[in-house]
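Work through the exercises below with the sequence and the model at hand. Each task is followed by a solution in steps.

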Amino acid sequence: MLTVSLQHALPGFGLNVQFEAPPGVTVLFGRSGTGKTTVIQTVAGLLRPDQGSVALEGEVLCDTSQGKWLPPHKRRMGYVFQEGRLFPHLTVRQNLLFGQWFAPRDAKRESLDKVVDLLGIGPLLQRRPGRLSGGEKQRVAIGRALLAAPRMILADEPLSALDEARKAEILPYFERLRDEIGIPMLYVSHSAAEVARLATTVVVLQDGKVQRQGTAAEVLGDSAVMPAGVRAAGALLQARVARHHSDGLTELDAGGVPLFLPQVAKAPGSVVRIRISAHEVILSRQRPEGLSALNILPGTVEHIRSGAGPGAMVSLTTPAGRVLARITRRSARALGLEPGAECHAVVKTVSIAPEDVGSGG
Amino acid sequence: MSAETAWLGPEEWQAVMLSLRVSIWATLAALPLAVFVAYALARWQFPGKQIINSLVHLPLILPPVVTGYLLLMVFGTKGPIGGALQQIGIVFAFRWTGAALAAAIMAFPLMVRAIRLSVEAVDPKLEQAAATLGASRLMCFATITLPMILPGLIAGAVLGFAKAMGEFGATITFVSSIPGQTQTLPSAIYTFLQVPGGETAALRLTLVSIAIALTALLLSELLARRAADRAGGH
């Protein structure tokens, strides 16, 4: 358990943040310029806060009121930076082993072979960072942090310097870190898709304050909290892989409702999390017939939130979980939608992108 | 070596060997301090930084004779530091060690400048990354910064060595030009030119100077290129 409480003056605004990160992946979620990086740097010891304290498993790493300050090299926090920051004069192998020199002898450490295998970087070991692609660099950076026998992994927007294809390549490795290594992680992101895939706990930062903290499903399903903007809104559903069909579709069971997705590379029985983009959801009062869309979730309107624009965000309780739908205010009026109204959410199979399907619960 | 001793007179040979000894010692002794000062000036903010910076550069802008005279006043046997050091048996004035001290001080600013530039070229973010991996400040320096500034460090050392080889004004003022003791290559050339018929000896020493300078330059190019290849990540 990581406990953070800090106040720090930043250009233009003040950061005032308190939160706790339980085991699993805690994502600090917010737009750029909300102080996320300042928080994670304070946890790592790369920045001294004006006021505040950081404690990990009861050990105080920093407490300004007691004048306590543990320098970064004594904190054993594996930091994955946005731009990799591999050491250019060392080979990949030497980069990976760098932290092992300094780790305490009795620390629980992963073996080089296991990490190399996990990240698929075996062929790169003898190369120097100058000869690696962006995605390869980031995989080595993850391995380097992991091999330093850290008590926790800190990741500061580790995907934001990569293109979409590379992002999709790296994200699963963070899932494996969470599911296979089981190391606690604090992960900074402004991407709802990354939150949906990785987060056990989400801490939403806005204007230097914690706006909301909760599980990924709670926070992403809350139409009052949309740090990444309305366009990126989308609720998170948990489902179990039921079976794979011969036409390339995978059938999921989401709280008794069948959902059809483009092939999901997971064995039947495994649990997946799916993000359903709010703007891909169509609402219908009657159960639609003769429709090409395969996924129809019956539900009840929980509430409708409309802003200044023509749009409205409808949140719907379904047996599969909460679903958000972004429709126009005009449609909401025409359908007579109001809290308590019965309604069906319609989602096209192909609108659920592979990067919106993650492993685990 | 016998062929060369035949080509160079014993006094000339002495001057060459003395100059090499003086310059190598001056460079080796000044280098660690130069690295420290260069790192401090490049990385740290501290009160009096400008004063330190000016002090380091002073030998570069002062007339060498003035530097030599100041050395004589401070490190001479009657000077505040020289007097104290004499008590424990260390004497600089009119000894080869004094020539090395003068050469080191004259070479120091050039070394600091070259090394400082290369420290500034190292991204401090890499040192941060090393710290998160458990490396203390000293280990960060030894494993990250030092290897990466190696090309600049070599360049600074060669520049310092060349300056030490050529140093004349401060040396002759501080330690005079005693054959076999403090008569370095430049002061030997100067002395030969003062006596009738000394031109051929002066010319021989000039050729030796050129050869040493070129060898040092080539060697440093070679070393720096190797170090740069490593530091560049290829």
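## Exercise 1: a strand inside a sheet

Six of the eight residues of strand S18 (residues 311–318) of chain A are buried, so S18(A) is largely enclosed by the rest of the structure. A residue is buried if 20 or more other C-beta atoms lie within 10 Å of its own, exposed if 12 or fewer, and partly exposed in between, with C-beta atoms placed from the backbone. Strands (E, at least two residues) and helices (H or I, at least four) are DSSP runs numbered from the N terminus. The model is predicted: local features need pLDDT of at least 70 and side-chain atom pairs count only at pLDDT 80 or more, while totals for chains, interfaces and linings use all residues. Residues are numbered from 1 along each chain as its sequence is written, and chains are lettered from A and ligands numbered from 1 in the order in which they are written.

Task: find the strands that pair with S18(A), and describe how each is joined to S18(A).

Solution.
1. Two strands pair if DSSP finds at least two bridges between them.
2. Strand S17 (residues 295–306) of chain A pairs with S18(A) over six bridges, in the antiparallel sense. A hairpin of four residues joins the two. Within this pair, A:Ile304 stands opposite A:Val314.
3. S19(A) also runs antiparallel to S18(A), and eight bridges join them. Their hairpin has two residues between the strands. Here A:Val314 stands opposite A:Ala325.

## Exercise 2: the whole sheet

Task: give the order of the five strands in the open sheet of chain A, and say which are the edge strands.

Solution.
1. The order is S16-S20-S17-S18-S19, with antiparallel pairing.
2. Strand S16 (281–284) and strand S19 (321–328) of chain A each pair on one side only, which makes them the edge strands.
3. Direction ignored, neighbouring strands are turned by 45° against each other on average; the axes are lines fitted to C-alpha atoms.
4. At the S16 end, S16(A) pairs with strand S20 (residues 342–347) over four antiparallel bridges. A:Val281 stands opposite A:Val347 there.

## Exercise 3: a covered helix

Task: is helix H4 (residues 134–147) of chain A mostly covered or mostly open, and what covers its buried residues?

Solution.
1. H4(A) has 14 residues and reaches 20 Å from its first C-alpha to its last, close to the 20 Å expected at 1.5 Å a residue. The expected span is 1.5 Å times one less than the number of residues.
2. Twelve of the 14 residues are buried, and H4(A) is mostly covered. Among them are A:Arg139, A:Ile142 and A:Leu146.
3. The cover includes strand S7 (77–80), helix H2 (92–97), helix H3 (112–119), strand S8 (152–156) and helix H5 (164–181) of chain A.
4. Just after H4(A), A:Ala149 takes a positive phi of about 55°.

## Exercise 4: two arginines in loops

Task: where do A:Arg76 and A:Arg85 lie, and are they buried or exposed?

Solution.
1. A:Arg76 lies in the loop between strand S6 (68–69) and S7 of chain A. A:Arg85 is placed in the loop between S7 and H2 of chain A.
2. A:Arg76 has a positive phi of about 55° although it is not a glycine. The phi of A:Arg85 is near 55°, again a positive value in a residue other than glycine.
3. A:Arg76 counts as buried because it has 22 C-beta neighbours inside 10 Å. A:Arg85 is buried, with 22 other C-beta atoms within 10 Å.

## Exercise 5: chain B and its contact with chain A

Task: what elements does chain B have, and which of them touch chain A?

Solution.
1. Chain B has eleven helices and zero strands, and 42% of its 234 residues count as buried.
2. In total, 19 residues of chain B are in contact with 22 residues of chain A; contact requires C-beta atoms, placed from the backbone, within 7 Å.
3. Helix H7 (124–132), helix H8 (137–166) and helix H11 (199–231) of chain B each give two or more residues to this side. The largest share, six residues, comes from H7(B).
4. The residues on this side of chain B divide into ten nonpolar, seven polar and two charged. Ala, Val, Leu, Ile, Met, Phe, Trp, Tyr, Cys and Pro count as nonpolar, Asp, Glu, Lys and Arg as charged, and the others, Gly among them, as polar.

Conventions: Contact = placed C-beta atoms within 7 Å. Axes fitted to C-alpha atoms, helices over the stretch in contact; angles between N-to-C directions.
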